[in-house]
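This briefing walks through a predicted model, grouped by topic, for a reader who wants to follow the strands, helices and loops alongside the coordinates. Please keep the structure open while reading.

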Amino acid sequence: MKKSELLHAYYLMRLARGFEARVAEQYLKGRIGGFCHLYSGEEAVAVGAMWHLRKEDYVIGSYRDHAYYLIRGGDPRRAMAELFGHEDGCCKGKGGSMHLFDRGINFLGGYAIVAGMCPIAAGLAKAAAYRKEDRVVVCFFGDGATNQGVYHEALNMASLYKLPVVWVCENNYYAIGTSVPRSSARESLAAKATAYDMPVSTVDGMDFLKMQSAAGRAVAAARAGKGPSFIEAKCYRYRGHSMSDPGTYRSKEEVEYWKSRDPLPHLKRIIQDDFEAGEEEFAAIDARVARELDEAVRFAEAGRELPPEKRLEDVYAE
Ligand SMILES: Cc1ncc(C[n+]2csc(CCOP(=O)(O)OP(=O)(O)O)c2C)c(N)n1
Ligand SMILES: [Mg+2]
C-alpha cells in the first residue's frame, strides 16, 4: 500500500474515534438521548472491511453504527445532527444513534435487532444477483448475533445461492455482559460458520492491514461470483455495551491489555517505520479531524427538531 493510502486509513480511524469522543461528551450533557453504543477500539475492523468497496456496494450493520456511516463516507455533521434528534440529521432525527442510514452512500443501516441485518444483507445480495448488478454486500454483526436463528438462515441461503456477501463478525468477546464461552457452544465463531461451506478466516481485528487483506480476498471472491466469505475479527470495545453500561463484568487488566493493542498507534508505527513519516503529518490529520468534528457539533447545536406536522411523513403503515 502507498503511504497516502495508509495515512487515509489512519485518518478514517481517527475520525471515527474522535467522533465518538464528542458523542460521549454530548451524551453526558444531555443533548443526545436514547440508546447509544460506541465502537471505539474496533475501528480497524470497519476501515479494513470496507477498504476494497466501490460506491455501488452496500454496507449494513448493527446499532454500533457511527463508524460504519462515517467510514462509508457519511457527513459527520448529519450524523451528529441525527444523534441530537434534529431535522437535518441523515434520517431527519427519526432514527437516532442506532439507526443511521444513508441511501446516497449505500449505507443501509444501523439495525437494533441482534442479527436482524443478516437476512437483509442476504436479501440485498440476492436482489443484486437477480438484477445482474455488480455489487458486494459487507454485513457487520457481533459475536452475539451468531446465536440467533435468522443468522443461520441467512448464512445458509447466502452460501446455497452463492450470494456476494462478506460476513464480518466483530468478535469483541461479549454480548452486553455475556461472554462468548457462556453463550456459544462453539467458541471459534469461524469454525461455527464452516457449517455453511464458505471460506472462513479469523483475523486480528486490531490490525488494519490484516483486516484489509482478509477483506480484499473476500470482496474479490464475492465479485467473481464465488459466493460469500466469513471473517471473524477479534477485537474489543473500550467502552461499556452502551453509554449506560459501567462494564463491571470485565477486569481493568483486560481492558488495559486491549488498549495496549490499540489500532491507531499500531498503524502509526507502521507508517513511521516504512515511510519515515514525521510527527507533523499525523498532527495535520488530528487537526483536520478536530476541525471537522467542531463543525459537526456546531452544526448539530444550531439545528432543531422536525416540526410536529412532518413527523408522520415517511411512515409506511397507517
Ligand atoms: C433479537 C434481540 N435480542 C436481544 C436484544 C438485546 N441486545 C441488544 S445488544 C445485545 C448484545 C449483542 O452483542 P453482540 O452481537 O456481540 O454485539 P456487540 O454489542 O458486542 O457489538 C443484546 C442481547 C436485541 N437487541 N435483539
Ligand atoms: Mg459482542
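Strand β1 (residues 58–62) runs parallel to β3 and is joined to it by 3 bridges, where strands are DSSP runs of E with at least two residues, helices are DSSP runs of H or I with at least four residues, both numbered from the N terminus, and two strands count as paired if DSSP finds at least two bridges between them. The model is predicted, and for that reason local features need a pLDDT of at least 70 and side-chain atom pairs count only at pLDDT 80 or more, while totals for chains, interfaces and linings use all residues. Residues are numbered from 1 along each chain as its sequence is written, and chains are lettered from A and ligands numbered from 1 in the order in which they are written.

**Strands β1 and β2**

- On the β2 side, β1 pairs with strand β2 (residues 107–111) in the parallel sense over 3 bridges; here V59 has F107 as its bridge partner, and S62 stands opposite Y111.
- Strand β1 is mostly covered, with 5 of its 5 residues buried; a residue is called buried if 20 or more other C-beta atoms lie within 10 Å of its own, exposed if 12 or fewer do, and partly exposed in between, with C-beta atoms placed from the backbone.
- Strand β2 is largely enclosed by the rest of the structure, because 5 of its 5 residues are buried.

- Strand β4 (residues 165–171) is mostly covered, since 7 of its 7 residues are buried.
- Both faces of β4 are covered, with V165, W167, C169 and N171 buried on one side and V166, V168 and E170 buried on the other.
- Strand β3 (residues 137–142) runs parallel to β4 and is joined to it by 6 bridges, and the partner of G142 in β4 is E170.

- Of the 15 residues around ligand 1, V114, G142, D143, G144 and A175 come nearest, a residue being near a molecule or strand if its C-beta atom, placed from the backbone, lies within 6 Å of it.
- The shell around ligand 1 divides into 7 nonpolar, 5 polar and 3 charged residues; Ala, Val, Leu, Ile, Met, Phe, Trp, Tyr, Cys and Pro count as nonpolar, Asp, Glu, Lys and Arg as charged, and the others, Gly among them, as polar.

**Helix α12 and the segment after it**

- The 24 residues of helix α12 (residues 279–302) should span 34 Å at 1.5 Å a residue, and the end C-alpha atoms are 35 Å apart, which agrees; the expected span is 1.5 Å times one less than the number of residues in the helix.
- The buried residues of α12 are V289, L293, A296, V297, F299 and A300, and these buried residues pack against α1 (3–28) and α4 (76–84), with contact taken as C-beta atoms, placed from the backbone, lying within 7 Å.
- An α-helix has 3.6 residues a turn, so residues three or four places apart point the same way.
- E313 lies in the segment after α12 and is exposed, with 9 other C-beta atoms within 10 Å.
- The C-alpha atoms of E313 and L264, which are 49 residues apart along the chain, are separated by 42 Å.

**Loop residues**

- Most residues other than glycine have a negative phi, and most peptide bonds are trans.
- K162, in the loop between α6 and β4, has a positive phi of about 50° although it is not a glycine, and K162 is partly exposed, with 16 other C-beta atoms within 10 Å.
- I176, in the loop between β5 (174–175) and β6 (178–179), likewise has a positive phi of about 50° without being a glycine, and I176 is partly exposed with 13 other C-beta atoms within 10 Å.
- P199 is found in the loop between α8 (189–193) and β7 (200–204) and touches A221 and S229, not counting residues up to four places away in sequence.

Note on methods. Two residues are in contact if their C-beta atoms, placed from the backbone, lie within 7 Å.
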